Amino acid sequence: MTRAFITGVTGQDGYYLSKLLLEKGYEVFGLVRGQNNPKIEFLQTELPEVKILTGDLMDTSSLIRALNASEPDEFYNLGAISFVAYSWENASLTTDVTAKGVLNALEATRIYAGDDISKVKFYQASSSEMFGKVQQVPQTESTLLWPRSPYGVAKVFGHYMTINYRESYGMHASSGVLFNHESPMRGPEFVTRKISLAVARIALGIQDTLSLGNLDAQRDWGFAGDYVDAMWRMLQQPEGGDYVISTGQTHSVRDYLEVAFEHVGIADWKKHVFQDPAFLRPAEVDLLVGDATKARSTLGWAPKVEFADLVRMMVDADLQRQRALLG
Ligand code: NAP
Ligand code: G4F
């Protein structure tokens, strides 16, 4: 049985990746932080086969202990402070977890592997946010990085540290430069889920308005279920590498609103949506669109879910949850 160890197992991607690996017959171990993390209950209900280990990316010894306990063949480092807006207010904490946490994870892996560095393959969750003020459209593995947020800067550190461990120690370490990917499991702080939740509640008459920031920002949005498959494929390659994972299509926040409201039969959505400067960012990433040619040719990976279907999937899931709450 192949064994996988996942940090960030309580997050969106942790859920889909665990599900995928369990379906493939893996034994899955997940790191959970905190002494009474409320997300454990959800994980134990939805994916009871996942074996929970406690620890924190800021505590290297906890990572070494977790690796010794799980003895993984594959290590997926998904844990991070991942909300960009939060990272300006909490830049130091974001750096400790999202940047230094990667070094801790790599170093724990090196110590765990001892003389046999080939015994574990490592995946780092890098991000299109690293492209920031984009220097090339579309963005590829070799596009110059120009991060625009403390989160983006932290991810650049983790990205280069992963490459450095590959080059310095011969570690099978891969960095997935993933563009935005969403699902019904997305946290409600992110714009897609914030909208799908509000649209469901507006359609059911529970809520009337929705406050947002920049409606013109453009993102290359894909489905999280498709993207975790790319992570797994990277670790099945003979050597580690860096891969852009994206759909190649970009849409604005406005486009997302259009499709979401249309799906519930509301044509005049503008009367429900207001712009609130509180949701504007000190520096914005205006346009992200990726070129996943390398992933297509080397990994045989391609996204399956299209933008409009993704939006409808998210609105339908929130309608179902809100109806269940109404009883
Ligand atoms: P997410 O839902 O925000 O999940 C983040 C996970 O990190 C949670 O399980 C969280 O645990 C954990 N975490 C936070 N601080 C930690 C710490 N100090 N030690 C250990 N774990 C900690 O994020 P996601 O959307 O699944 O994304 C997964 C990874 O991919 C992240 O690294 C993210 O930055 C990166 N990424 C995401 C996207 C995207 O569009 N989703 C795109 C590119 C890259 P709690 O549940 O306890 O908070
Ligand atoms: O949904 P968002 O918060 O995602 P963002 O900042 O692109 O970050 C996500 O994707 C990254 C990959 O590029 C990941 F690395 C990162 O961990 C995270 O998963 O915001 C998307 C866009 C932004 O331009 C933002 O300014 O939507 C705009 N937006 C407009 N109004 C809003 C809002 N974003 C949020 N969260 N809330 C709003 O009210």
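Thr247 is buried, with 17% relative accessible area. That value, like the rest of this briefing, comes from a predicted model.

- Thr247 sits in a loop. Strand E11 (242–245) lies on one side of that loop and strand E12 (251–252) on the other.
- Thr247 counts as buried because its relative accessible area of 17% falls under the 20% cut-off.
- Its side chain pairs with another side chain, that of Asp220, in a polar contact of 2.6 Å.
- Asp220 is also one of the contacts of Thr247 beyond four places in sequence.

**The shell around ligand 2**

- Ligand 2 is surrounded by 23 residues. The closest are Ser127, Ser128, Tyr151, Arg281 and Glu284.
- By type, the shell holds 10 nonpolar, 6 polar and 7 charged residues.

- Asn180 takes part through its side chain, where an N or O atom is 2.7 Å from a ligand 2 oxygen.
- Lys194 also places a polar side-chain atom 2.7 Å from an oxygen atom of ligand 2.
- The protein buries 96% of the 710 Å² that ligand 2 exposes when taken alone.

**A cis peptide bond at Pro138**

- The peptide bond between Val137 and Pro138 is cis. Its omega is about -5°.
- Pro138 belongs to the loop that runs between strand E5 (121–127) and helix H6 (150–169).

**A positive phi at Glu71**

- Glu71 has a phi of about 45°, a positive value, although the residue is not a glycine.
- The loop between helix H3 (60–70) and strand E4 (74–77) contains Glu71.
- Glu71 has a relative accessibility of 43%. It is therefore partly exposed, since that class lies between the 20% and 50% cut-offs.

Notes. Residues are numbered from 1 along each chain as its sequence is written. Chains are lettered from A and ligands numbered from 1 in the order in which they are written. This is a predicted model: local features need pLDDT of at least 70, side-chain atom pairs count only at pLDDT 80 or more; totals for chains, interfaces and linings use all residues. Side-chain values use heavy atoms; hydrogens and water are left out. A residue is near a molecule or strand if one of its heavy atoms lies within 4 Å of it. A polar contact is a pair of N or O atoms within 3.5 Å; within protein, one must be able to donate a hydrogen and the other to accept it, and residues adjacent in sequence count only if both atoms are side-chain atoms. Accessible areas come from the Shrake-Rupley method with a 1.4 Å probe; for residues, only the protein chains shown count as cover. Ala, Val, Leu, Ile, Met, Phe, Trp, Tyr, Cys and Pro count as nonpolar, Asp, Glu, Lys and Arg as charged, and the others, Gly among them, as polar. Helices (H or I, at least four residues) and strands (E, at least two) are DSSP runs, numbered from the N terminus. Buried means under 20% relative accessible area, exposed over 50%, partly exposed in between (1.4 Å probe, protein chains only). Contact means heavy atoms within 4.5 Å.
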